[in-house]
Amino acid sequence: MHDAVWLNANLATMRAGGAPYGEMRDGAIAVTGGRISWIGLRSEWRGKAQDEVDARGGWATPGLVDCHTHLVYAGNRAHEFDLRLKGASYEEIARAGGGIVSTVRATRAADEDDLFYAAARRLAQWTREGATVVEIKSGYGLDPASELKMLRVARALGGKVPVTVKTSFLGAHAVPEDYQGRADDYVALVCEEMLPAVAREGLADAVDAFCEGIAFSPAQTARVFEAAGRLGLPVKLHADQLSDTAGAALAARFGALSADHLEYTSEAGVEAMARRGTVAVLLPGAFYFLREKQLPPVDALRRHGVPIALATDHNPGSCPMSSPLLAMNMACTLFRLTPEEALAGLTREGARALGLQATHGTLEAGKVADFALWDIGSPAELAYAIGANPCVGVIRSGETLRAAP
């Protein structure tokens, strides 16, 4: 006896290698103990379930997986948006004391309750749009107490908000004001004090860094990754966003889960990622918001078989976007991903970028029963309709969070 079964559903299983989208028309999904216990054509369903749900001929996809966000922070940077429209670049604003360090000031001043409730309000938009897994980074504290505070808030969100939260320690996000001119000393603080404290409290699932001219050099980033390795934590990297620092190759050298942004990544960097299985995470919202011109090397990523994930990169400075569905549209219109690649990027490959490919990202027997129901005629509509939200149901670990009206 299964706990529940959803019948009369078209399934975009997102399993690779078969029909587009892993499509299965007129299918059924059964759930037992929070896992998918049976999936197939409705005509082949012979089981029994305590609860039968009519999906009304809509589509079911895996729950969306947003593998790159900065959801915990205080304040906003709307004034910088105005400055950029008047001609200032992101780097100019950062070097003048704005950018990441301005959010650091506000976040350090906020208490955990304020950070929690602000982030919870933001995160509600993800659940409305079918997301069941969201990664959240630290990186707006840049001192031991504030970084731990951010990660505790992110962990608390995972316990109180109906979404699985994976956390990344991003202490190497920027050089704080009190360490200006002493970046190596700050990296020592990250490696020798912050990282061990994060590991002791079990607050991070991975370690991230920003390797860029306005942040940390490849050598400094390597020190952070070596320290993470000693603590048994996997790594990921903000790589080659504003210039080619060989960040993608550096990420691959350390066996990173993902390298993110990648606008300036060379073919050699792509080849290195392919050899190590490092996922490319594309962030079209930041590309759009900063009015960038350099496109990430999508053709090279395809040619070398690098998995392409997609994420919102929600943050207060370079991408205040709160819509995974809009990220899909932007990926198609700006980066020329296909709608199928975009949906795979926010399901199968997004899960891979978090190391969750064994449990999430596709609809398969044995995987966690996270899926979303959509009132659409085809999966391509998810990337097509700008500003629309056709999500009519969200199921997380077999429990209905949002039922169809």
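Trainee: In E12, which residue is the bridge partner of Ala259?

Mentor: The bridge partner of Ala259 in E12 is Ala280. This is a predicted model, in which local features need pLDDT of at least 70, side-chain atom pairs count only at pLDDT 80 or more, and totals for chains, interfaces and linings use all residues. Residues are numbered from 1 along each chain as its sequence is written, and side-chain values use heavy atoms, with hydrogens and water left out.

Trainee: Why are strands E11 and E12 called paired?

Mentor: Two strands pair if DSSP finds at least two bridges between them. Three bridges join E11 to E12 (residues 279-282), so the two strands pair, and they run parallel.

Trainee: What makes E10 and E11 a pair?

Mentor: Four bridges link E10 (residues 236-239) with E11 (residues 258-261) in the parallel sense, and Lys236 has Ser258 as its bridge partner in E11. Because at least two bridges are required, E10 and E11 pair.

Trainee: Why is the largest nonpolar core called a core?

Mentor: A nonpolar core is a set of buried (under 20% relative accessible area, 1.4 Å probe, protein chains only) Ala, Val, Leu, Ile, Met, Phe, Trp, Tyr and Cys residues joined through side-chain atoms within 4.5 Å. The largest has 102 residues, of which Val72, Leu157, Phe169, Val224 and Met328 touch the most other members. Helix H6 (residues 183-200) supplies its largest share, ten residues.

Trainee: Which residues does Val224 touch?

Mentor: Leaving aside residues up to four places away in sequence, Val224 touches Ala172, Val187, Val190, Cys191, Leu195 and Val207.

How values were computed
Buried means under 20% relative accessible area, exposed over 50%, partly exposed in between (1.4 Å probe, protein chains only). Contact means heavy atoms within 4.5 Å.
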